[in-house]
Amino acid sequence: MRARHIGLPAVAIAVLAWVMIGATGRAGEQSKSALAFARLASLVGEWKGVQDGTEIHVTYTLTANGSALMEEFRPKNEPVMVTMFSVDGDRLLATHYCSAKNQPQMATAGIADPLAKSLAFSLVRVTGLSSPDAWHNTGLVLTMEDQDHLTQEWTYLSKGKTGTTFFHFTRER
């Protein structure tokens, strides 16, 4: 008998669902934020993109017994950055450990539609700023176009000026 191959995203969703069901007792009792996190956890795997000519590799990994999703953002020849996603009540949190040596902490509003294509995170606070005018991220919108395509829209503030950077990724594994 030949074993059937199940893709990594399907396995990640199944494992996360199992963990979340165990935490709440039954699947029907999951909060909207837990369901939105399960959708976010479907990103587990390796992704690739190019931004301004720089190749970027992104890896998503579930950690802390399935309660946190870690993103490792690896621009070629640049420092690695990490963003940690987790559930906090009726919202999701994202803490970004930036190569600018600061840590913006962002949150969604209360999750209304756990199946929405996009999750918008807004700045709650930032630690590690060298000065109030220092460069730091102020927001993130993750758009899951489909299971193999992801867009990130990062907003930032530096010396009183705002800006936006877009990244488009395709799943490698």
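Rings of Phe, Tyr and Trp, the last taken by its six-membered ring, form an aromatic pair if their centres lie within 6.5 Å. In this predicted model, Phe-73, Phe-167 and Phe-169 form one aromatic cluster. The protein chain holds two helices and 10 strands, which follow the pattern α-α-β-β-β-β-β-β-β-β-β-β along the sequence.

**Overall architecture**

- The protein chain has 173 residues, of which 38% count as buried.
- Among contacts between residues at least 6 apart in sequence, 38% join residues at least 24 apart.
- Helix α2 (residues 32-41) has seven of its 10 residues buried, so this helix is largely enclosed by the rest of the structure.
- The buried residues of α2 are Ser-33, Ala-34, Ala-36, Phe-37, Ala-38, Leu-40 and Ala-41.

**Nonpolar core**

- The largest nonpolar core comprises 27 residues.
- Leu-40, Tyr-60, Phe-85 and Phe-121 have the most contacts inside this core; Leu-40 is also one of the buried residues of α2.
- Leaving aside residues up to four places away in sequence, Phe-85 touches Phe-37, Leu-40, Tyr-60, Ser-67, Ala-68, Leu-69, Glu-71, Leu-93, Ala-94, Phe-121, Leu-140 and Leu-142.

**Aromatic pairs**

- Five aromatic pairs are found in a search of the whole structure.
- The rings of Trp-135 and Tyr-156 are stacked, because their centres are 5.2 Å apart and their planes meet at 25 degrees, and planes under 30 degrees apart count as stacked.
- This pair links distant parts of the chain, with Trp-135 in the loop between β7 (118-127) and β8 (136-146) and Tyr-156 in strand β9 (residues 149-158).
- Trp-135 and Tyr-156 are 21 residues apart along the chain, and their C-alpha atoms are separated by 7.0 Å.
- Trp-135 counts as partly exposed at 33% relative accessibility, and Tyr-156 is partly exposed with a relative accessible area of 22%.
- Phe-167 and Phe-169 form an aromatic pair that is stacked, at 6.2 Å centre to centre and with 10 degrees between the planes.
- Both Phe-167 and Phe-169 are buried.
- Not counting residues up to four places away in sequence, Trp-135 touches Cys-98, Ala-100, Asn-102, Leu-129, Tyr-156, Leu-157 and Ser-158.

**Largest pocket**

- The largest pocket has a volume of about 390 Å³.
- Its lining has 19 residues, and those closest to the pocket centre are Phe-73, Met-81, Trp-135, Thr-165 and Phe-167.
- Phe-73 and Phe-167 from this group also belong to the aromatic cluster with Phe-169.
- The elements that give two or more residues to the lining are β2 (54-63), β3 (68-75), β9 and β10 (161-171).
- The lining divides into 11 nonpolar, six polar and two charged residues.

- Gln-105 is placed in strand β6 (residues 103-107).
- Gln-105 and Ser-122 are 17 residues apart in sequence, with a C-alpha to C-alpha separation of 8.3 Å.
- Apart from residues up to four places away in sequence, Gln-105 touches Ala-94, Thr-95, Ser-122, Leu-123, Val-124, Arg-125 and Thr-127.

Key
Residues numbered from 1 in each chain as written. Predicted model: local features only at pLDDT ≥ 70, side-chain atom pairs only at ≥ 80, totals over all residues. Heavy atoms only, no water. Core = buried A, V, L, I, M, F, W, Y, C linked by side-chain atoms within 4.5 Å. Buried < 20%, exposed > 50% of the residue type's maximum accessible area, 1.4 Å probe, protein only. Contact = heavy atoms within 4.5 Å. Phe/Tyr/Trp six-rings, centres within 6.5 Å; stacked < 30°, edge-to-face > 60°. Helix = DSSP H or I, 4+ residues; strand = E, 2+ residues; numbered from the N terminus. 1 Å grid on protein atoms, 1.4 Å probe; cavity = no way out; pocket = protein on both sides within 12 Å on 5 of 7 lines; lining within 4 Å. Points joined across faces, edges and corners; volume = space filled by probe spheres on them. Nonpolar A, V, L, I, M, F, W, Y, C, P; charged D, E, K, R; others polar.
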